[in-house]
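Reader: I would like to go through the terms used for this model. Please set each value against its definition.

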Amino acid sequence: MKRYELSFLLLVSLFQPFVLHSQTAPIREMRAVWIATVENIDWPSSQTLTTEQQKNEMISLLDLVKDYHLNTVVFQIRPCADAFYSSSFEPWSQWLTGTQGKAPDPFYDPLEFAISECRKRGIDIHVWLNPYRAVRDTSRNFTSPSHITNTHPELFIDYGSTRYFNPSLPETRDHVSRIVADITRRYDIDAIHMDDYFYPYRIAGAQFPDDSSFNRYHGTFLAEQRDDWRRHNVDLIIQQIRDSIKAIKPWVEFGISPFGVWRNAARDSTGSATRAGQTNYDDLFADILKWQKEGWIDYVVPQLYWHIGFEVADYAVLARWWNDHAYGCPLYLGQAFYRIDKKSTTKAWRKAIQITDQVQLNRRLRNISGSMFFSAKYLRTNPRHLKEKLLKEVYRYPALNPVNNRITPIIPASPVVAQLRTVNDSIYLEWSEEENAKNYVIYKFRHRKKRDYTNPSNLFFVTSETSLSLKRTIKNTPRRWYYVITSQSNTNTESEPVDFSELPYGI
């Protein structure tokens, strides 16, 4: 039997079967944080950490995720055609062990470890891959002999100091889709996630060098339609990646986190009232709205790393614009923990209230169902008392993940056995393991009070384990409280609730 022990003082309430935008704190809400591994931004903090130190750092980070009442991590496992997991296609990342191609020693699989630790805590894990970037800086990043830039150099283009897969090549699409399929097949993940690096951001005075590719692969596109051809190339890989995921595990989501501006209104009347220097459609050749409309992606997370009132790209203006252009695609907003700084030259970022104001704005907009924050290291540094502000103003209670309306729900069976026993000063909750259960959700209700599964204060704990022990106190004695459990499937769908039966004292 699995077991997860935790002091009662760390337990809190959490949950709800609907996203209620009228509630101050909805019980289902995306609350995610990106864990960036490129250049050791968030984890591991150094390329010289031992295996044990890496594990301890990840555990500490995931404990902070729970402490902040977040429920999802977006873990970067392929920053540059490399791997933070055991891969037969791409080498171990240099940012994991210091040398590309060198495995952890003593050996472990960081992704498998992160998944296991996330499940214990009821945290969803989305794995973050960069589709095209292969070498971040060709002047200083060493690549192993087995790296695909060395074994198949014909697949790559240099632009600035970075080396990219050529987006127009069928071989590029096949390779990236093969990687995605391998990860989806072998790991118990909740989503495949990609950010804003499709075609690279433009470099002033430098054209992206794809003349020969256009001449070879332009098809029916004319010379003056090269931008449309580039968007078509990205459309093709998005569709192929989605098909690769769904053929293996239909419940695994495919999410995109694009740059925050699709197009400026000055360029397209459909666009936002912004003056961004570069945009998804015109510069990164990513037609995000098309992917939403066509159902090619399961969620979208525009990166709105600006403050409310910013003249060039106002967070409030963009939040409303994306809300009005969701097209039925689940929508979360990317927000900037990293900008909070007492010494910021922008007054709005000198206090953490900027983030809580943004969360409250999100909740007033019907189609926005939560937030993703960049990035995880700021959970440690807690700039301007961010944690205290979040827990007081907007995240007093944890929340379950939203149910995705683009995924066919899997209905799990309820636990067959759910028992509670008290032994001296401890309470033990135990339940049976169910085949279709990813997690188990435990609620706590006061005796003689009406059950309310929509109230986040009633949710007690979420875990993949099949037992829980806690210290018996006056605040949680079974004489005052009773417990209820549901199974939660891979689609975040819950079973019918089952009451814990109380065994005689001391059994």
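Author: Start with pairing: two strands pair if DSSP finds at least two bridges between them. Strands (E, at least two residues) and helices (H or I, at least four) are DSSP runs, numbered from the N terminus. This is a predicted model: local features need pLDDT of at least 70, side-chain atom pairs count only at pLDDT 80 or more, and totals for chains, interfaces and linings use all residues. Residues are numbered from 1 along each chain as its sequence is written, and side-chain values use heavy atoms, with hydrogens and water left out.

Reader: How do you know that strand 14 pairs with strand 17?

Author: By the bridge count. Strand 14 and strand 17 (residues 467-471) are joined by 5 bridges, and the definition asks for at least two. They run antiparallel. L429 faces L468 of strand 17.

Reader: What makes strand 13 a partner of strand 14?

Author: Again, bridges. Strand 13 (residues 418-423) has 6 of them to strand 14, and the two run antiparallel. V423 stands opposite S426. The hairpin of these strands has 2 residues between them, and N424 takes a positive phi near 55°.

Reader: Why is strand 14 called largely enclosed?

Author: Buried means under 20% relative accessible area, exposed over 50%, partly exposed in between (1.4 Å probe, protein chains only). In strand 14 (residues 426-431), 6 of the 6 residues are buried, so the rest of the structure largely encloses it. S426, Y428 and E430 point one way, I427, L429 and W431 the other, and all are buried.

Reader: Why is the protein called as compact as a globular protein of its length?

Author: First, the contents: 13 helices and 20 strands. The radius of gyration is 24 Å, close to the 23 Å that the globule rule gives for 507 residues, so the protein is as compact as a globular protein of that length. The radius is taken over C-alpha atoms, and the rule is 2.2 Å times the number of residues to the power 0.38. The C-alpha trace spans about 80 × 50 × 45 Å along its principal axes.

Reader: What share of the protein is buried?

Author: Buried residues make up 60% of the 507.
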